Each structure stands twice: as structure tokens, then as C-alpha cells.
Amino acid sequence: MWGKHDDLIVHEHEPFNAEPAPHALARAAVTGVGHFYVRNHGIVPESDPARWRLAVDGLVGRELRLSLAELREFDHHEVVASLQCAGNRRSSLSKLQDIPGHQWGPGATSAARWKGVRLADVLARAGVAATAAHVEFEAPDIAEEASPPQRFGGSIPLSKARSGEVLLAWEMNGAPLPPVHGAPVRVVVPGYIGARSVKWVDRITVRSRPSANFFQAVAYRLLPAEPVAGEDGIELGPIAVNSAILTPAAGETVPAGATAVSGYALAGDGRGVARVEVSVDGGSRWQRAELDEQPSPWTWRRWRAVVQLPPGEAEIVSRAWDTAAAVQPEREADLWNPKGYFNHAWYRTRVTCVDRA
Ligand SMILES: Nc1nc2c(c(=O)[nH]1)N[C@H]1C(S)=C(S)[C@@H](COP(=O)(O)O)O[C@H]1N2
Ligand SMILES: [Mo]
């Protein structure tokens with residue numbers, strides 16, 4: 001389906017929602033399109049690149065209506081960026097207390113090389129009014145889960161919209177953007193939750209307030225663990241520093257002794273990953289992981305370590321720091337929330353270690 005490998009973990013067939021298994025995700029710094037996770041709230045819309053138009057309206061000096069050819073006349077830029085769904089690692093939070101929704105593991109995170117034009121350049125052409133503060137994106141796919149059912153949308157602050165890394169992209173890993181990832185054009189908002197990277201975008205509206213779309217005003221908000229009257233939650237934008245162990249995978253049997261461990265770490269909104277540590281004693285003692293170079297500040301930092309494991313059941317733990325010295329919190333219980341967003345607690349993988357024959 002959708003040009004995806006059949007080893008993806010499929011959470012839903014229609015709309016299609018799937019993530020790569022940890023071993024597959026671990027394979028490359030830039031995720032192959034066949035393994036890149038997919039998050040859809042509605043059915044993938046039919047889109048004809050020849051008929052596609054991008055409307056730019058709202059608080060602008062002049063409204064634009066751009067064809068794909070006209071969009072491509074702006075300067076082209078490439079960004080290697082990771083996307084991460086706010087529901088990444090929800091499955092683990094659900095073990096504490098049930099959470100509805102797709103039970104994402106650590107694979108609702110992937111990295112790609114995106115090519116397109118800067119949103120900033122398109123906004124400059126339209127001329128942004130002084131009262132503008134947010135930029136809204138909308139797409140034609142209808143999400144039945146929204147109330148009322150509506151087009152998918154969301155917004156980002158104008159300051160972020162004007163930053164060089166936010167693209168209107170038509171290419172992914174050097175090939176045309178596949179339909180399931182937003183063809184002909186999607187927004188790519190590096191450093192923010194995946195929901196702001198609106199696929200199949202056909203309208204950009206400059207506003208004084210955040211989008212009133214369901215996925216900005218109601219969904220993708222961090223609610224308190226216990227309901228509070230009148231509290232509609234924290235609007236999610238920049239992601240939190242996070243890490244995951246990809247190899248070995250949970251439940252794997254590995255030889256006791258020296259065991260190679262690898263994974264990813266990702267920091268929000270332009271903050272780099274500064275340090276990753278792993279522990280095999282539940283977090284009393286830590287050892288430093290080796291960090292790969294980052295091809296761009298907007299993508300994950302892959303890491304590796306060799307740990308010593310005794311025979312029997314073992315737990316490997318990882319935690320990352322970002323360049324603002326923020327570190328992942330220890331306990332999932334402290335960040336559990338009713339929609340299961342932003343699980344960025346220490347990552348824990350249980351494995352069984354057996355003596356080498
Ligand atoms: N139009 C539209 N854009 C969308 C979505 C959607 O359902 N419809 N899902 C969002 C969410 S929640 C995420 S995490 C990312 C996932 O992007 P991907 O499917 O290319 O991995 O797309 C975002 N953009
Ligand atoms: Mo998402």
C-alpha cells in the first residue's frame with residue numbers, strides 16, 4: 001500500500017496509519033520513503049498537479065493564487081528534517097492508563113531530505129500586514145474524527161513561518177513527493193509536531209490568532225492528567241527533547257556481555273542534541289553514547305553505545321539533553337496525559353540476555 005514496505009507496523013488501513021519497526025528505522029540517517037511513518041486523519045485526497053492551486057490570503061497586502069509552476073519560480077531550498085508525531089511513544093503511556101488513539105511506538109518519527117520553496121519567500125510576495133501573528137495551513141482531506149468533520153488544518157506563529165527552514169515542499173529524498181506524504185505540495189515545519197506539516201496544502205491564511213481548525217483549537221493540546229473545568233490544554237508546537245533505543249528492539253534476546261545499542265535523539269525547534277547517555281542499572285550510573293554528525297540542525301541525531309549486560313532480564317535506558325540543557329524527564333507517570341502526547345520520558349527497553357554458546 002502507498003509504496004510502503006510490507007514490514008511496516010500498520011495501525012489503521014483506512015485512513016492509512018503506519019510506522020516502521022525500530023530495526024528498519026535504525027538503518028539510515030535519512031529514512032527511505034518506503035519506511036517513513038504515515039499519519040493520516042482522513043482519506044488521501046485525489047490531487048491533480050495540473051489543477052492544484054495554492055491560495056494565500058488573510059492579512060496580506062495582495063492575495064495570491066499560485067500554480068505548481070508559479071510556486072517553483074521561487075528560489076529552491078533543501079532541508080534535511082525529521083518529522084515526529086505528537087503521539088510518538090503513546091503505546092508506552094497507555095500501559096499506565098488506557099489512552100484511545102493509535103498506539104504509536106518510537107517509529108512515529110522519521111527523517112527525510114525535503115526540497116521546495118521557503119514559506120517566508122511566498123509570504124514576502126503576498127506582503128504580510130503589521131497585525132499578523134500566525135500563519136494557517138489547510139488541506140482538502142476531511143477528518144471524520146473532527147467535530148464537525150472538516151478539512152485538516154493548523155497554524156504556526158508568524159516568526160516560525162518566516163524562518164528559513166519552513167518549506168512548501170514537492171520533493172522527498174530526491175523524488176517527487178508521494179501522494180500519501182502530501183503530493184503535490186506539503187508544508188514542512190521542522191522542529192514542530194508533525195501535525196503542523198500540513199500535507200496536500202491548498203490554502204495559507206495569515207491571521208492575528210492561531211487557527212480555529214479542530215486540529216489546532218481542540219486536538220493536539222496537552223490536557224492535564226485530571227480534567228480541570230475550562231482548561232482546554234496547552235497548544236502544541238515545538239517538540240520536546242526525546243530519545244529512543246531502536247536496536248536492540250524490546251523483547252529481543254541478545255548475547256550477554258558487550259551489546260551494541262543504537263537509537264535516535266531529537267530536540268525541538270532548532271535546539272540541537274547535546275548529549276545522550278545510556279544506563280543498564282535503571283539510571284544510577286550512566287555512560288556516554290557516541291553521537292553521529294547531524295546533516296542539519298533540523299533532523300535527529302543518531303547515537304550508539306556498547307553496554308555490558310549480565311545474563312538474564314535486563315533494561316537499557318536512554319536519555320538526551322538538548323543545547324538549552326533541557327533533559328528528558330525520568331518517569332512516564334509524571335507526564336501522562338489523556339491524549340498521550342509528548343511522551344519524552346527516559347526510553348526503556350527490556351531485553352533477555354543469554355550466555356554465548
Ligand atoms: N492534510 C493533512 N496533513 C497532515 C495530516 C493529515 O491528516 N492531513 N497529518 C499530520 C500529522 S498528525 C503528522 S504527524 C504528519 C505526518 O506526516 P507523514 O504522514 O508524511 O509522515 O502529517 C501531518 N499533516
Ligand atoms: Mo501527528
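An unreviewed UniProt entry assigns to residues 240-352 the feature "domain: Moybdenum cofactor oxidoreductase dimerisation". The model described here is predicted. The structure holds 18 salt bridges, and the protein covers 100% of the accessible area that ligand 1 has on its own, which amounts to 530 Å².

- Arg304 and Asp292 form a salt bridge through their side chains, with an N to O distance of 2.8 Å.
- This pair links distant parts of the chain, its two members being 12 residues apart. Arg304 belongs to strand S21, which spans residues 301-309, while Asp292 lies in the loop between strand S20 (290-291) and S21.
- Arg304 is partly exposed, because its relative accessible area is 33%, a value between the limits of 20% and 50%.
- Asp292 also counts as partly exposed, its relative accessibility being 21%.
- A salt bridge also joins the side chains of Arg331 and Asp334, at 2.9 Å from N to O.
- Arg331 has a relative accessibility of 43% and therefore counts as partly exposed.
- Asp334 has a relative accessible area of 56%; residues over 50% are classed as exposed, so Asp334 falls in that class.

**Other salt bridges**

- Glu165 and Lys160 are joined by a salt bridge in which the closest N and O atoms are 2.7 Å apart.
- Both Glu165 and Lys160 are buried.
- A network of salt bridges links Asp57, Glu138, Arg151, Asp202 and Arg203.

**Surroundings of ligand 1**

- There are 19 residues around ligand 1, and those that come nearest are Tyr37, Asp141, His181, Arg186 and Lys199.
- The side chain of Lys199 places an N or O atom 2.6 Å from an oxygen atom of ligand 1.
- For Arg186, an N or O atom of the side chain is 2.7 Å from an oxygen atom of the ligand.
- Arg39 takes part through its backbone: a polar backbone atom of this residue is 3.0 Å from an oxygen atom of ligand 1.

Conventions. Residues numbered from 1 in each chain as written. Chains lettered and ligands numbered in written order. Predicted model: local features only at pLDDT ≥ 70, side-chain atom pairs only at ≥ 80, totals over all residues. Heavy atoms only, no water. UniProt positions renumbered as here; feature names shortened; annotations may be inferred. Salt bridge = Lys/Arg side-chain N within 4 Å of Asp/Glu carboxyl O. Buried < 20%, exposed > 50% of the residue type's maximum accessible area, 1.4 Å probe, protein only. Helix = DSSP H or I, 4+ residues; strand = E, 2+ residues; numbered from the N terminus. Near = heavy atom within 4 Å. Polar contact = N/O pair within 3.5 Å; in protein donor to acceptor, adjacent residues only side chain to side chain. Areas by Shrake-Rupley, 256 points an atom, 1.4 Å probe, with all protein chains shown as cover.
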